[in-house]
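Morning, everyone. I have one model to show, so please have a look at it before I start talking.

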Amino acid sequence: MARKPGKQYQAASKQVEAKEYQLEEAIPLIKKIKYAKFDETVEIHMRLGVDPKHADQMVRGTVVMPNGLGKSKKVLVITSGDKLREAQEAGADLVGGEDMVNKIQSESWTDFDAVIATPDMMRSVGKLGKVLGPRGLMPNPKTGTVTVEVAKAIKEIKAGKVEFRVDKTGIIHAPVGKVSFDAGKLVENAASLITAVIKAKPAVAKGKYVRSATICSTMGPGVAVDTTPFSVKAAAV
């Protein structure tokens, strides 16, 4: 049996109209109706007109938030040789080689937010799919986390790089900042994410690509967002 929403949630919901808001209207509304006592994450949920069961309709990519995410990510780098020192100097929180692979494999250890691996380590890192895969932590060349440019990858992740990937129900869920952020900075971050998802549209996708988009805080109600301006902008590029 579903639990009935609390009074604060219901009161916040009543302030949201049943319409699609422009992003510049939606963000201030989310900040206005927030009621949680902690600094909530602002999230975007986009329902796409794709069938992720087909490889050619998988939507994934990365985008660096222009204003960060308000939290520095804990980065693990799995590498060898000179790249070990490069990773340490670039600010990686955890650095190692086979020792890290063994620790993850034997202990199901995942006390980190992102993993970067150099190509020479992927034979070993490939064994970690069962642990890292379900958590969205598996390094991948398409998202820039399998690379020889270790310092660059660390810098991007620390700056607020977000990886997005459509789930099996055709929805993308991604953070764009904290409720405490200035509204203008949240709008910039959210616009960057929406534009990146639209640009990642598979060539085989038919019909309406973005079926719906909702933005909300961790505890707050969703606010529907009109993505038409971003679709027009992406098409013009």
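This is a predicted model: local features need pLDDT of at least 70, side-chain atom pairs count only at pLDDT 80 or more; totals for chains, interfaces and linings use all residues.

Residues are numbered from 1 along each chain as its sequence is written, and side-chain values use heavy atoms, with hydrogens and water left out.

The sheet, then. Four strands make an open sheet, ordered S7-S1-S8-S9, with antiparallel pairing. Strands here are DSSP runs of E with at least two residues, helices are runs of H or I with at least four, and both are numbered from the N terminus. Two strands count as paired if DSSP finds at least two bridges between them. At the edges are strand S7 (171-178) and strand S9 (223-224), each of which pairs on one side only.

Seven bridges join strand S1 (residues 41-48) to strand S8 (residues 210-217), in the antiparallel sense. Across that pairing, Ile44 stands opposite Ile215 in S8, and Glu43 opposite Cys216. On to S9: two bridges connect S8 and S9, again antiparallel, and Ile215 has Val223 as its bridge partner in S9. S8 and S9 form a hairpin, with five residues between them.

Now the pockets. A pocket is found on a 1 Å grid over the protein atoms alone: it is an open set of points where a 1.4 Å probe fits, with protein on both sides within 12 Å along at least five of seven lines, and lining residues have an atom within 4 Å of a point. Volume is the space filled by probe spheres set on the points, which are joined across faces, edges and corners.

The largest pocket has a volume of about 840 Å³. Its lining has 29 residues, and Lys73, Asp113, Arg135, Gly136 and Glu163 lie nearest the centre. Which element gives the most to this lining? That is S6, with five residues.

The second largest pocket holds about 230 Å³. Of its 15 lining residues, the closest to the centre are Lys208, Tyr209, Val210, Thr227 and Ser231. S8 and helix H9 (228-236) are the elements that give two or more residues to this lining, and S8 gives the most, with four.

That is all I have on this model.
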